[in-house]
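Hi,

Here is the structure I promised to pass on. Have a look at it first, and then read my notes below.

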Amino acid sequence: MSNFINLLIAGLATGAIYAIIAIGFTLLWQTSQTINFAQGEFVMVPAFFILAVLNLGVPFWLAILAGFAISAVVLGVLFKKMLVDPMLRHGVLPLAIATMALSIAMKESVKEFYSAEAQPFPSIIPAGSIDIFGVAVSLQSVGVLVAAIAGVIVLNLLLNGTSLGHQMQATAQNPSVARIIGIPVERMIMLTFLINAALVTFAALLVTPIYLAKFSSGEVLGLSAFIAAIVGGFNQVRGAIVGGLLLGVVDNLAAAYVSTQYRGAFPLLLLIVIILFRPEGLVGRTEERKV
Amino acid sequence: MKTTTLISIGLGLAIVAALLIMPLYMARYSLYILSMWAVMTIAAIGLNLTLGYAGQISLAQGAFVGIGAYAAGILTTAHGWPLLSVLPLAALLCFVIGWGLGYPALRVQHHYLAFVTLAFSTLAFLIFRNEEWLTKGVYGIENIKRPIIFGWNTFRPLPFYYLCLAALAVTTALTWWIVHSPWGRAFLALRENPLRAQSLGIDTRRYTLMAFAIGSAFGGVSGVFYAPLVEFIEPGAFTLALSLNILLMVIVGGSGFFFGPFVGALIAVLLPEWLRFTKGYYLILYAVLVMILLVYSPKGILGFIEGWLADRRTRRASATRAAAEPSLRAETQS
């Protein structure tokens with residue numbers, strides 16, 4: 001039983017990280033029809049930004065701030081201006097393929113310019129374990145879960161509780177009407193890219209101490225986030241949360257109780273089942289098809 | 001006959017002649033590279049049918065190459081089958097699996113489809129790696145022999161290259177036939193406007209499945225020649241990276257252009273050799289070049305050339321018209 005609770009909490013913790021990555025992914029899709037196949041690499045790279053700044057000998061908190069700033073410029077502004085804006089008029093698919101090329105470029109750049117070896121990464125959460133219902137649970141897992149939930153709540157307050165958030169939602173739902181009623185649509189889209197950059201950096205801070213910083217670690221993270229987004233519902237932020245948590249738990253429990261060899265297969269089977277029987281996702285809405 | 005048609009026929013003949021004669025003077029390694037180009041082109045032609053003609057994205061072509069390669073590896077080494085008898089079996093196997101993979105395509109489009117096929121690709125890799133009784137797992141299958149066909153021994157690089165080239169020629173002819181048959185037209189209708197195609201009485205369901213199945217079968221054929229070409233196969237060769245690579249071949253060459261896969265595969269196979277001096281930076285350069293190409297010409301290299309030719313033609317036509325105009329005016333005045 002104690003084993004089960006530990007697995008469950010660890011699963012929820014990884015699931016919460018997947019959810020954060022998936023939220024950024026769905027936000028980009030909603031406001032600018034960008035399917036970012038490099039989203040996993042977007043989580044891998046900020047860890048190396050922070051490590052590179054740490055190597056200069058600055059304190060960890062400053063390196064984290066620098067990491068957020070560099071991500072905002074590179075993964076937010078430059079990504080939008082240099083790849084998304086010129087590609088968008090060509091349609092969804094060419095842009096998606098361009099982000100696949102981007103993911104290769106990012107992975108190989110980290111490998112060549114930093115290191116091909118996995119790098120240790122300092123944790124913002126202290127090691128140790130705490131007692132929950134008489135079961136010793138890793139503090140790391142609980143901390144990640146709490147931090148991720150806090151992050152999601154902040155984002156929700158921003159999206160639903162502020163005028164800025166409402167303007168962003170209007171932009172996502174209907175850009176032309178939003179423009180007519182005076183919402184600065186371009187600025188709102190840019191803001192989504194910045195929020196995505198902040199989310200992936202946040203996810204990097206939570207996940208890298210567990211899995212180490214490695215050029216290839218984005219593959220699994222990206223795939224899991226895509227699956228979470230689709231399982232939950234592509235056009236809903238809460239879909240991404242449901243999908244992420246479910247995926248983390250299924251992944252961890254299946255690995256422990258069914259088969260470690262086929263660990264990677266369960267999320268994929270979940271994905272295929274969802275797409276075949278409920279393509280709009282567990283809590284999503286159907287997207288209308290246009291002729 | 002128009003001069004452009006004559007030029008294209010001449011160019012085509014010159015390329016075929018070069019592919020037949022040049023290898024006679026080539027070193028072992030160059031022959032290997034050229035054979036790899038032929039094999040990869042077959043896989044890319046298949047994906048071009050699915051993606052370029054029928055408009056269904058697939059990130060699973062590498063998995064089908066893997067299925068074909070493992071079918072060839074297992075049946076020729078452990079069961080002593082001749083390679084050419086594996087060919088129809090591998091093609092049929094991939095056809096059936098591809099047909100099955102097409103079912104999600106009936107329900108979802110674009111990015112969803114990309115993820116389903118991506119999931120399939122990863123599942124196939126897990127099976128190659130984990131089912132050791134069948135695939136020998138991470139140890140891979142060694143000593144895959146090149147075939148002897150009716151007494152013609154293809155052990156050496158040159159004859160084996162000719163075998164790959166022959167396979168490519170047959171595939172090309174078959175594709176030409178498919179594309180110019182009613183099927184090909186139905187595929188195009190499916191890509192341009194699925195709902196309209198349906199209202200015109202095209203069974204979009206059947207053609208979507210067909211596009212996946214035929215494209216996948218080509219992937220299997222490519223795998224059957226891939227295995228004896230490299231003589232050793234292991235699961236790591238058939239990861240998502242291969243599927244992505246084949247997809248980029250189709251996109252870079254020009255998705256939906258008949259000769260797009262030939263150009264794309266040539267670049268994907270040759271560029272690492274040309275950029276060898278850049279060492280590890282080659283993939284970064286390739287990825288950046290692909291992004292730049294996509295920004296300027298999402299229809300790939302052939303799309304770029306076509307646009308350039310069309311541009312020149314209209315410019316020349318308007319120049320002729322401008323030159324003709326004064327004389328016309330002169331005639332009407334007199």
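Predicted model: local features only at pLDDT ≥ 70, side-chain atom pairs only at ≥ 80, totals over all residues.

Let's start with a helix pair in chain B: α4(B) passes α10(B) in a right-handed crossing (right-handed if the near helix is turned clockwise from the far one by less than a right angle, left-handed if anticlockwise). Helices here are DSSP runs of H or I with at least four residues, strands are E runs of at least two, and both are numbered from the N terminus. The contact of α4(B) with α10(B) is made up of 20 nonpolar residues, eight polar and one charged.

Residues are numbered from 1 along each chain as its sequence is written, and chains are lettered from A and ligands numbered from 1 in the order in which they are written.

Now for each chain. Chain B has 14 helices and two strands, and buried residues are 46% of its 334 (buried means 20 or more other C-beta atoms within 10 Å of the residue's own, exposed means 12 or fewer, partly exposed is in between, and C-beta atoms are placed from the backbone). Its C-alpha atoms fill a box of roughly 90 × 55 × 45 Å along the principal axes.

Chain A comes to eleven helices and two strands, in the order α-α-α-α-β-β-α-α-α-α-α-α-α from the N terminus. Of its 291 residues, 48% are buried. The box for the C-alpha atoms of chain A is roughly 60 × 50 × 35 Å, along the principal axes.

How do the two chains meet? In numbers, 30 residues of chain B are in contact with 32 residues of chain A (contact means C-beta atoms, placed from the backbone, within 7 Å). On the chain B side, α5(B) gives the largest share, eleven residues. That side divides into 24 nonpolar residues, five polar and one charged.

Definitions and conventions:
Contact = placed C-beta atoms within 7 Å. Nonpolar A, V, L, I, M, F, W, Y, C, P; charged D, E, K, R; others polar.
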